[in-house]
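Dear colleague,

I am passing on the structure below, with the sequence alongside it. Please look through it first, and then read the notes that follow.

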Amino acid sequence: MAPAKKRNVSSAKTIEQSIKTAKIDLNTKVERILESRKNANDVFDILEFLQSAKEKDVINAVNACSKLFCTLLEKKELFLGKLPGEEEALSGGYSAEEKYRVFMRHRYNSCVEMLLEHLSHELHGVKESALCCLMKFAAGEGQHPLEDLDWSEHYSFPRELIQAVVKRLLSQTTDNSLMISRFQEFLEMEDVRYYVMSSIRENVGKVMEKNKEALVPIYQNNVFTLMSNISVPSQESELTNFMVQQEAKHDDWKVAKLNEHKRVFERMWLGFLKYKLPSNMYKKILVILHDSILPHMSKPTLMIDFLTAAYEVGGAISLLALNGLFVLIHQHNLDYPDFYKKLYNLLEPSVFHVKYRARFFHLANLFLSSSHLPVYLVAAFAKRLARLALTAPPTALLIVLPFIYNLIRRHPSCRVLIHKPSTEDEHLEDPYLMDEEDPAQCRALESSLWEIKTLQKHYHPDVAKTAMSINTPLSEKEDDISEVLEITTYELMERDLKQSQTKSVPLEFETATQLLKGGANVLGQHFCLD
């Protein structure tokens, strides 16, 4: 076995030496190709290194390709127009100049294909260098177009290359969050952003139709990550940063018009949101909806279908969906009569125990802040909260009770719920219908807030004290519930434990001035209790 081992060691050394000997100076190869067309075949050596298994070799090859083909684009040494096959170019009536350009154009296309494949490479360094190189090619193609484009609409922008890059970024099997984050710097350019938005919309339609509208979590997360990085300027005068600078001002160029950006932005989001989404994604979208999506849409009210679907998910997502609807109602004049009915139905015992309790009551306070709401509606909310308060924890009660008091302050007509005199022959049954989903039919105004009277005997002194406030006329100033929204059971207990002890009983109302001079009699006199 010993001789065999020696042979293996020697063969390994031979291979290593041969690799070092055969290593190509890629920069020299690029210079040779650019100096003389006789060295055109050296491009194969560069493309071969582009397929190396070593990260450093691949990155060096990417840099070499970037330098080579960007220079060829600038010198217009790549074939322009519809590209013929290589065999056709050799056999057809093409000049030597045209044959060279056809040859290099095919090599350029091969390089682009390899770089697109590298966007799915397992090593991040390779993916990042490939992405940057492709965007350099896009800029080069924009300045020196290789195809006859529709000049009336797209001018010289390389749409197909951007579409191919977007397709790779929106992988169905790999989380590309890091790559998309790296791509964000290119989205600051107006034309890139415009065509990326168009590409996303087309890609989402094809992929979701192919998957028969089923959930594709990784893909949908990649789409959301890319779209959430896109923001549209607020004024048309801000559209100044273009990757491809047009030689002349074109009045009909869509990329230079803010309304067109908003239209494409809107179609992109609506095209994505019309499909079923993973449950955790609804919350991500609703959180950024008001600041990052609605302001950039030309018709924000078109989001009503998505918000209605999000409400059906339940829990915190329903609350966030109502917040979105509230913004559309107040800022964009949306007519949505079922809004308060949906909010009313979110009032369940579980709302006092969820993580988003503080956010719920903050938003509910906002939704019910108008003094123009009908009395029956406000009474329904006050009564339902009072009924739920009977089984709520102390931390929740310190929010609910001031919340109810504020509702009564805003709507004096609801004081009938407090001052409802009873007669001896009156039935003790509460007419309020707790299970009724429609606040207009729950008969809250026929009832009273007897639940708060019951809470005056609560075991926790702070709750009992707060409930006692209803025995006296409520002040006009509303209670600030923001101070108690975030309070926890632990904080409540700590506050009780740290309450100051009862002050010592005063023993003498006159200050003792001769305490140490008058002896025991004086001491006894001054410390005598009344």
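**Notes on the structure**

In this predicted model, N203 is found in helix α10, which covers residues 190-210. The relative accessible area of N203 is 12%, and because buried means under 20%, N203 counts as buried. When its neighbours within four places in sequence are left aside, N203 is in contact with K167, L170 and Y219.

For the chain as a whole, the model has 23 helices and 0 strands, and buried residues account for 45% of the 530 residues. Among the contacts between residues at least 6 apart in sequence, 72% join residues that are at least 24 apart.

**Two helix pairs**

Helix α3 (residues 42-49) packs against helix α4 (residues 55-74) at an angle of about 140 degrees, and their axes are 8 Å apart. α3 is therefore oblique to α4, since only angles over 145 degrees would count as roughly antiparallel. On the side of α3 the contact is made by V43, I46, L47 and F49, and on the side of α4 by D57, V58, A61, A64, C65, L68 and F69. Sorted by class, the residues of this contact between α3 and α4 are 10 nonpolar and 1 charged, with no polar residue.

The second pair consists of helix α6 (residues 96-118) and helix α7 (residues 124-143), which pack at an angle of about 140 degrees with their axes 8 Å apart. α6 and α7 are therefore oblique to each other, and their crossing is left-handed. From α6, the residues that make the contact are Y108, C111, V112, L115, L116 and H118, while α7 brings V126, K127, A130, C133, L134, F137 and E141. Here the contact of α6 with α7 divides into 10 nonpolar, 1 polar and 2 charged residues.

**Cysteines**

How many disulfides does a search of the whole structure find? The search finds 0, a disulfide being a covalent bond between the sulfur atoms of two cysteines. C132, for instance, is in no disulfide, and the nearest cysteine sulfur, which belongs to C133, is 8.8 Å away, whereas a disulfide needs the two sulfur atoms within 2.5 Å. C132 has a relative accessibility of 18% and so counts as buried. C442 is likewise buried, with a relative accessibility of 0%.

**Positive phi values**

Most residues other than glycine have a negative phi, which is why two residues are set out separately here. N333 has a phi near 55 degrees, a positive value in a residue that is not glycine, and N333 sits in the loop between α15 (315-332) and α16 (339-345). With a relative accessibility of 70%, N333 counts as exposed, the cut-off for that class being over 50%.

R443, which is not a glycine either, has a positive phi of about 65 degrees, and R443 belongs to the loop between α19 (394-410) and α20 (450-455). Is R443 buried, exposed or partly exposed? The relative accessible area of R443 is 39%, so R443 is partly exposed.

Methods
Residues numbered from 1 in each chain as written. Predicted model: local features only at pLDDT ≥ 70, side-chain atom pairs only at ≥ 80, totals over all residues. Heavy atoms only, no water. Axes fitted to C-alpha atoms, helices over the stretch in contact; angles between N-to-C directions. Helix = DSSP H or I, 4+ residues; strand = E, 2+ residues; numbered from the N terminus. Parallel < 35°, antiparallel > 145°, perpendicular 65-115°, else oblique. Left-handed = near helix turned anticlockwise from the far one by under 90°. Contact = heavy atoms within 4.5 Å. Nonpolar A, V, L, I, M, F, W, Y, C, P; charged D, E, K, R; others polar. Buried < 20%, exposed > 50% of the residue type's maximum accessible area, 1.4 Å probe, protein only.
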